[in-house]
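Work through the exercises below with the viewer open. Try each task before reading its solution.

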Amino acid sequence: ELSQNQLSGDIPANIGNLNLLIYFQFAKNQLTGSIPASIGKLKKLTSLSVEINKLSGNLPESINSCRLLTSINVSQNELSGIFPEIGDSLTNLKTLNISGNKFSALHQS
């Protein structure tokens, strides 16, 4: 839990090496750059909370590999592009907040 700590900069690509990480709570900081694709390596991740930062780019398709996710909150950032299809892969997902971004569309099959 590192929310509201005035952290700045990019989320490092090697975040995926933290294979025991369960909670990724970095809300209300000054994070910039994109959410790295390596986040998909976090097989034990249950909660992704990066709301109210300055993240840009897209939400990586690799998020679908985090099959234990119950909550995703990426609201109030500058994320864009097509939101990835999450259909059958994230069956444990209970909450999803993507508001306040610039997604152009939801993934379409």
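**Exercise 1.** In which strand is the place of Q25? Then decide whether Q25 is buried or exposed, and list its contacts.

*Solution.* Start with the ground rules. This is a predicted model, where local features need pLDDT of at least 70 and side-chain atom pairs count only at pLDDT 80 or more, while totals for chains, interfaces and linings use all residues. Residues are numbered from 1 along each chain as its sequence is written, and side-chain values use heavy atoms, with hydrogens and water left out.

Step 1: Q25 sits in strand β2, residues 23-25. Strands are DSSP runs of E with at least two residues, numbered from the N terminus.

Step 2: Q25 has a relative accessible area of 16%. Buried means under 20%, exposed over 50%, partly exposed in between (1.4 Å probe, protein chains only). Q25 is therefore buried.

Step 3: Beyond four places in sequence, Q25 is in contact (heavy atoms within 4.5 Å) with E1, L2, S3, S47 and S49.

Step 4: The side chains of Q25 and S47 make a polar contact at 2.8 Å. Such a contact is a pair of N or O atoms within 3.5 Å; within protein, one must be able to donate a hydrogen and the other to accept it, and residues adjacent in sequence count only if both atoms are side-chain atoms.

**Exercise 2.** In what order do the 4 strands form the open sheet? Find its edges.

*Solution.* Step 1: The order is β2-β4-β6-β8, with parallel pairing. Pairing requires at least two DSSP bridges between two strands.

Step 2: β2 and β8 (95-97) are the edge strands, each pairing on one side only.

Step 3: Check one pair. β4 (residues 47-49) and β6 (residues 71-73) are parallel over 3 bridges. L48 has I72 as its bridge partner in β6.

Step 4: Look at S71, also placed in β6. Its side chain joins that of T95 in a polar contact of 3.0 Å. Leaving aside neighbours within four places, S71 contacts T46, S47, L48, L93 and T95.

**Exercise 3.** Is A27 buried or exposed? Place A27 in the chain and list its contacts.

*Solution.* Step 1: A27 lies in the loop between β2 and β3 (30-32).

Step 2: Its relative accessibility is 5%, so A27 counts as buried.

Step 3: Not counting residues up to four places away, A27 touches S3, Q4, S49, V50, E51 and N53.

Step 4: From A27 to I11, the C-alpha distance is 12 Å, at a separation of 16 residues in sequence.
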